[in-house]
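Take a look at the model below.

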Amino acid sequence: MAGQLLQPGYEENKLQRVSKLLPCRDVQSSMLLALMGEPEQYSYPSIFIYGHRATGKSHVIHTLLKELDIPYATVTCVECVSLGLLFEQVLFSLFGPDSATLLSRSPSLSDFVRVYKQLCVQNPAKQTKYIVLDRAELLRDMDANLLPAFLRLQELVEDNVTVILLSEIVWDKFRPNTGCFEPLLLHFPDYSKDELQQILSEDSHPSYSTELYSAFINILLGVFYSVCRDLRELRHLAALNFAKFVEPLESGKVNESETHKLWRNIEPHLKKAMQTVYLREVSSVQWEQQMEKEAGAVRGLSAHGHVELPYYSKFLLIAAYLASYNPARTDRRFFLKHHGKIKKTNFLKKHEKTSNHLLGPKPFALDRLLAIFYSVVDSRVAPSASVFSQISSLVTLQLLSQVGHNDQLDAPKYKCAVSLDFILAISRTVSFDIVKYLYDFL
Amino acid sequence: MSTSSVSKGCFVFKPSAKKRKPSPTVEDYFTHGSENMENSRLRFRTCQSLWEKMKTDTELLQEELNRKVLDSLLEFIRKSSSSFQRGTDDWRSRMRAHEIPTAALVLGVNVPDHDMTFQSLSEQLQLSVSPFVVSLQAKECAGMTELHKLIFKDLEVFSPKVLQDFIIICSRYIEQLPLIFVFGIATAPSVIQHTLPHSVSSLLGIELFQSLSCTQHLATVIDQVILTSEFPFKLSGKVLQVLVSIFLYHDFSVRNFIKGLQLALLEHFHSQPLSVLCCRKQEALGHISKLSHQDVERIQQLPSFMRYVEQQGPQDQVELLTNDDHEVCVKLLIDLHKYHKNYYPILRCLHVLTSSLPKYPLGKQIRELHISCLEKNVWDNEEYASAMTLLRMMAKEELVSLLQKCSVILKPGKTKKMRAVLLRLDDLITRFTKSLLEMKESRRTKKMSQFEILRDEVLEFFDSLVRCHLAPPESQPLYEVCYYSSSAVLRRHLNATPRTSIQTALSNPYHYLKNESLRTEDGTFSSAAPDICIVYKLHLECGRLINLYDWLEAYATVVSAAEGKDPESADYGKVDELKHARFIQAVSELEFLGFIKSTKQKTDHVSRLTWGGC
């Protein structure tokens, strides 16, 4: 497979090195090379590359550009909180450290084009320059003219420059309303199982043979391939579980050729790993320690779901839950002593008949929250400042959320942001039967 | 007496005032109820030194409690930063190169207590690991800002977007720039997964650290500060109950608990002139000799002293009440100190015995037992009786181990009585072990075995101990010197009720203004009250929407009556410009206080924001 990259204008051995560094991406890299042409030739103004996470987009581009000594600038759009930063980075990498000082303090696009042109005249270059914009989806949130301008930057600056956009999102979601220059689209498909096997086998442990590692990867993929195809995640899993895999070898019980025994040893651990590590619930270090200790079940992050709250905060949260999930008109029924009987079917309007739990929490006013609070809490509570401050601390903890922005002082509105399971657990600790008070469960 | 009246006017005494350096003005406040400057100064100094001691002790204690989790956290950070320095020659660390080491510190819901923890954490980090520590607070990071080691307080409050972007940027530079995060989490660690998508959380190598729960924290503080004879200052059962319930019901803040304790201390020394005796025994004895005639009289008027006197013979009674020397006081004070020294070890023993019983008849926590002992004779409780019955059924091994625990508690006892108790207890334990051998032999006989006899003996012994030493402090003469008991004052200060206060002010202005002309019977209302009170009273009679004009007319009528106009005259109840202006001002004040607001439903109406009427 290796050694198939051919493109006039580049040294043979360099191309060979590149193709070694880019396993399983021969099609894409030769396509890119063809697009780029010889170093002096003009290339297509803009190329849009998309594909899932960890499909080698950035890796392929960077390796090509770096190994072939092509002038390029690479910018990750997350870092660019302002346009100025983006422009500065591009100029800095293409024209050296002095160039960025030519920009005004908060440059506009036309400033950038002007400075670019000026620099081009000063140091004309023969080779095609490349600007790589990683996470290009963020360009959409910047100035509206930015994306169209980058797409035809070649025309604007009258220089041999190509813009490469990298994103995990398809081009259709980018296209601005006003229309724009259509870039060349290039898709990076997911790696197949064999390809994953090949790539993962590359980073083998120095003290063991490559065959052993490759066998290990084979087992790993057998377990995880059905649930996870993310290269990065798989590599993480491989790193975590390899120590366990070679344990019998270390202790001398098994030799390298007895793969079946090794398989039987590792399989239950991988199954266990499937439950916890994929979610990154425990850190890799903790996972390794656990593996060493073998101390029963792994307690992940979610096992610590229990939240301690002051007594009245619990009741406030319960009241908020009731206010969020019961229609306001049913309050009479639940919280008055002599409410009379209300038949469920006639009482409510049609749209209210659907389960409130399916519709999600509804906003309620502070008054209603307090009224319900006073009726559910079993003792008399003075409306002291600390009760009110508990409401705001619940908001800070994101157990309640404040809705609406007008009238925050007079009549603030809240929503309850906890799940039914959570509130059930809370009400159990204060021995309050919340299900009795929920309209949905009547 | 002018100073005295000034001090009365400034009765509300904020704890923060004490933070100032002890200036003469602060000392002046302590003249309440005492003409003797010397006495008040002494009291102030005693109070100060006692508080200093308590403060340093609690701080040490808190440091001790936090040490474990902080140490493990520091260890983690040290390990991560040293692995940065070693470089990535190791296979494992190479594979993990782009994870940012992250510590998730779960602290519990109370945010004010965390400041101290984080402060000590960042100080220790700066000292021991690296000088580059940044502590970020959510409210300071609304957008992306310039950000080496970072501590995030209260993860939940951060906007997820900002955090995600930040983590992605950091992970790009992790190979060149060693970064470690510490997240402070108030609720549950799963919040990390809620706020961060998997693509971002996979960049973090998270390790979890759980700090001590705040209830355990409180239990330790109570154990070390309140349940000890080291501090002469004590809280009565009710006061302790107020503080504990504020903690459990409202805030879970140990810091606030200690603040409350401080307030109680201050109030005690401020309001009780005899608190001058509330200090270490030697000092107190010194202070007694300096007591003035008036102070001695004050002691003689103490209810506890009166009770003590009544118990004496008639001859002694006269002597006690007329005698002006300090001998009796000295004797009683020494007795009080002895009482405390015996009380706490026995309390702990009783707690050890009862805390393992099913259903916890006397409470799971020692503070519950303490409170019930403070309130009345604990042996009169039904729970005590049931606990004793349960103890009578206890198996031998358990009982022996409990007794051994008790003997450990009693070991450091200093008083003669405690030493005697310890000897007796050790003797009983040895007899138990002996009876273990004999038991097998006597098993068949129907008689009470040796063990059963012994068990009864032990329990009777403990019962007598409890009756002797766990009597409530009220029974002790001079207990007022050390015990602070006005729970109402404390509750009023700590549990502020702004709405109730405003409503009291509006409906009963006399309560705050103390103007005799405003004094009214219950339910009636003086028309001479301030405008806002009249307007408030009138608005209570309305429904949800109030017609402003009707309101104005009613107001004018009331005000005219207050001016003493003749109800028959033509301009009675007539609105003139002045009344109109006063009315508008009063209404806008009500709006400012949040009782009403303008409404769009009807133009000439306002809507009420409170419910309920008169």
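A surface patch here is built from residues with over 30% relative accessible area and no salt bridge, and like charges are joined within 9 Å. Lys and Arg count as positive. Keep in mind that this is a predicted model.

Now find the positive patch. Its members are B:Lys338, B:Lys416, B:Lys417 and B:Arg419. Helix 21 of chain B, residues 416-442, gives the largest share: 3 residues. B:Lys338 sits in helix 17 of chain B, which spans residues 327-354. How exposed is B:Lys338? Its relative accessible area is 45%, so B:Lys338 is partly exposed. That value is what matters for the patch, because a member needs over 30%.

Step back to chain B as a whole. Its secondary structure comes to 28 helices and 10 strands. The chain has 614 residues, and 48% of them count as buried. Its accessible surface comes to about 30800 Å². Carbon and sulfur atoms hold 54% of that surface.

Next, turn to the cysteines. How many disulfides are there over all chains? The count is 0. A disulfide needs two cysteine sulfur atoms within 2.5 Å.

Notes:
Residues numbered from 1 in each chain as written. Chains lettered and ligands numbered in written order. Predicted model: local features only at pLDDT ≥ 70, side-chain atom pairs only at ≥ 80, totals over all residues. Heavy atoms only, no water. Patch = residues over 30% accessible without salt bridge, like charges linked within 9 Å, V, L, I, M, F, W, Y side chains within 5 Å. Areas by Shrake-Rupley, 256 points an atom, 1.4 Å probe, with all protein chains shown as cover. Salt bridge = Lys/Arg side-chain N within 4 Å of Asp/Glu carboxyl O. Charge placed at Lys NZ, Arg CZ, Asp CG, Glu CD. Helix = DSSP H or I, 4+ residues; strand = E, 2+ residues; numbered from the N terminus. Buried < 20%, exposed > 50% of the residue type's maximum accessible area, 1.4 Å probe, protein only.
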